[in-house]
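Student: Could we work through this protein together, one question at a time?

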Amino acid sequence: MKKEDCFYLGKIIKKYSFKGEVLAKLDTDQPELYENLDAIFLELRNNLVPFFIESSQLHKSELLRIKFEDVDTEADADAIMKSDLYLPLDLLPKLEGNKFYFHEVINFTIEDINFGKVGTIKAINDSTAQALFVVDRDGTEILIPMNDEFIVKADRKNKTIFVETPEGLIDLYL
């Protein structure tokens, strides 16, 4: 399994018991969706390695307590500590309406209701306080905040995101 065929689910953050159980912090608004997984990929030395899950349950709402097969001691748990967790993209719940996953809108066209066609989404920058569409317009980079108030419509069929940005925002870049 390649990383680009997967999505980041979370990270193992600490040991839970002397029997090899670990706690994982999940990067999701719906941790209960991932409570009964059979297997998960751990990133170990830049490779995704499948691990089978013996049991798992939510712990204090946002953490997932996991007991992996063949991870039976504290030393076994230490070996996988701080590993990132991944799942295949096809396990992502389908989103509808104006909700979308960042990876699915790459290469979509961005169109502003007032300005017209802005360009193509090349990336999403989520390292800032507000996530941003990184849009390429004929070699010029335009940043548009991913604000619910700006997003008018996500048209998956035509691979277009319609936005209504504050007047002058796009002109700042041109």
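The questions and answers below go from the whole chain to single residues.

The model is predicted, so local features need pLDDT of at least 70 and side-chain atom pairs count only at pLDDT 80 or more, while totals for chains, interfaces and linings use all residues. Residues are numbered from 1 along each chain as its sequence is written, and side-chain values use heavy atoms, with hydrogens and water left out.

Student: How many helices and strands does the protein chain have?

Tutor: Helices (H or I, at least four residues) and strands (E, at least two) are DSSP runs, numbered from the N terminus. From that end, the elements run β-β-β-β-β-α-β-β-β-β-β-β-β. The count is one helix and 12 strands.

Student: What radius of gyration does the protein chain have?

Tutor: The radius of gyration is taken over C-alpha atoms, and the globule rule is 2.2 Å times the number of residues to the power 0.38. The C-alpha trace spans about 60 × 30 × 30 Å along its principal axes. A compact globule of 174 residues would have a value near 16 Å, but the protein chain has 20 Å.

Student: In which order do the strands of the closed barrel run?

Tutor: Strands of a sheet pair through backbone hydrogen bonds, either parallel or antiparallel. Two strands count as paired if DSSP finds at least two bridges between them. The closed barrel has six strands with antiparallel pairing, in the order 1-2-5-4-3-6.

Student: Which residue of strand 5 is the bridge partner of Ser 55?

Tutor: Strand 4 and strand 5 run antiparallel and are joined by six bridges. Their hairpin has three residues between the strands, and Lys 60 takes a positive phi near 55° there. In strand 5, the bridge partner of Ser 55 is Lys 67.

Student: How many residues of strand 5 are buried?

Tutor: Buried means under 20% relative accessible area, exposed over 50%, and partly exposed in between (1.4 Å probe, protein chains only). Leu 63, Arg 65 and Lys 67 point one way from strand 5, Leu 64, Ile 66 and Phe 68 point the other way, and all are buried. For strand 5 (residues 63-68), the number buried is therefore six of its six residues.

Student: Is Glu 74 partly exposed or buried, and what is its relative accessible area?

Tutor: Glu 74 lies in helix 1 (residues 74-80). Its value falls between the limits of under 20% for buried and over 50% for exposed. Glu 74 is therefore partly exposed, with a relative accessible area of 40%.

Student: With which side chain does the side chain of Glu 74 make a polar contact?

Tutor: Contact means heavy atoms within 4.5 Å; leaving aside neighbours within four places in sequence, Glu 74 is in contact with Lys 15, Ser 17 and Phe 18. A polar contact is a pair of N or O atoms within 3.5 Å; within protein, one must be able to donate a hydrogen and the other to accept it, and residues adjacent in sequence count only if both atoms are side-chain atoms. At 3.5 Å, the side-chain partner of Glu 74 is Lys 15.

Student: Which residue of strand 12 stands opposite Glu 111?

Tutor: Strand 7 (residues 109-112) and strand 12 run parallel and are joined by four bridges. Strand 12 (residues 160-163) is covered on both faces, with Thr 160 and Phe 162 on one side and Ile 161 and Val 163 on the other, all buried. Opposite Glu 111 stands Phe 162.
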